[in-house]
Amino acid sequence: MTSFSSVSVPEPILVLASSSPARQKLLRDAGLDFQVCVSSVDEDAVVARAQKDADVKGLGELTPAQVALLLARAKAEDVARSLDVPGALVLGCDSVFELDGVAYGKPHSADIAVERLRLFSGASGLLHTGHWLVDTRVVQGCSSSELRTATVHCDVLSDEQIHEYVATGEPLAVAGSFTIDGFGSAFIRGIEGEYHTVVGLSVNALKDMLADLGLSITDFWTKTS
């Protein structure tokens with residue numbers, strides 16, 4: 001049996017498995033040095049397979065929180081398998097908005113975004129962000145995960161405001177069809193929980209996951225000369 005103490009472990013490098021500008025900005029603003037490698041995961045297929053497996057086991061419908069963590073794991077593991085970067089710690093994230101027990105991911109189309117914003121107008125929902133961190137520094141690999149949830153309270157929106165917001169294009173590729181760090185911030189009355197969770201990546205969660213893997217987030221702070 002190989003002793004872990006005898007294994008040469010490369011210097012850790014943080015890799016974000018996401019093309020999200022908001023998530024990248026959060027890491028930069030937190031002073032973190034990282035690389036980006038976008039996952040090619042088919043999210044719908046991943047959820048469909050997981051739901052089929054849950055049905056076979058009699059576990060019922062996947063919850064919105066479970067979906068967020070499931071997709072975060074799928075993205076992180078997909079990139080970890082394909083990446084040739086010694087020392088990579090691959091971070092996958094996914095956000096799912098829950099309103100009245102129903103999960104809402106990215107709408108992708110303007111019509112769906114309008115419909116969802118009408119539902120959200122004047123209501124409060126839960127924004128779940130799943131985080132999965134895969135450590136590729138050892139052959140066996142290991143991982144840590146965190147699920148963070150925040151309550152989001154939406155102002156009452158007129159149809160004109162909804163259509164003008166959707167016309168910006170911002171709501172089409174974000175969970176729940178809204179953002180808190182862009183045009184959509186005008187329509188959010190408040191949140192209960194962590195702001196970063198609503199944006200889509202909790203830096204505090206990342207700190208805790210790194211600690212689980214024996215690392216400090218300060219190891220990834222951008223070095224200044």
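Okay, let's start with Glu77, which comes out as partly exposed at 26% relative accessibility; for the cut-offs, buried is under 20% relative accessible area, exposed is over 50%, and partly exposed is in between, with a 1.4 Å probe and protein chains only. Before I go on, this is a predicted model, so local features need pLDDT of at least 70 and side-chain atom pairs count only at pLDDT 80 or more, while totals for chains, interfaces and linings use all residues. Residues are numbered from 1 along each chain as its sequence is written, and side-chain values use heavy atoms, with hydrogens and water left out.

So, who does Glu77 pair with? That's Arg73, in a salt bridge at 2.9 Å, N to O, where a salt bridge is a side-chain nitrogen of Lys or Arg within 4 Å of a carboxyl oxygen of Asp or Glu. Both residues sit in helix α3, residues 64-82, and they're 4 residues apart, about one turn of the helix. Helices here are DSSP runs of H or I with at least four residues, strands are E runs of at least two, and both are numbered from the N terminus. Arg73 is partly exposed as well, at 40% relative accessible area. In general, side chains of opposite charge can pair when their charged atoms come close.

Next one: Asp94 and Lys75 form a salt bridge, with the closest N and O atoms 2.7 Å apart.

How many salt bridges turn up over the whole structure? The search finds 12. Another of them is Arg148 with Glu146, at 3.3 Å between the closest N and O atoms, and both of those residues are buried. They belong to a network, too: salt bridges with shared partners join Glu146, Arg148, Glu194, Lys207 and Asp208.

Last stop, Ser144, which is in strand β6, residues 142-154. Ser144 is buried, at 6% relative accessibility. What does its side chain touch in the polar sense? The side chain of Asp212, in a polar contact at 2.7 Å; that term means a pair of N or O atoms within 3.5 Å, and within protein one must be able to donate a hydrogen and the other to accept it, with residues adjacent in sequence counting only if both atoms are side-chain atoms. Setting aside neighbours within four places in sequence, Ser144 has contacts (heavy atoms within 4.5 Å) with His131, Trp132, Leu133, Met209, Asp212 and Leu213.
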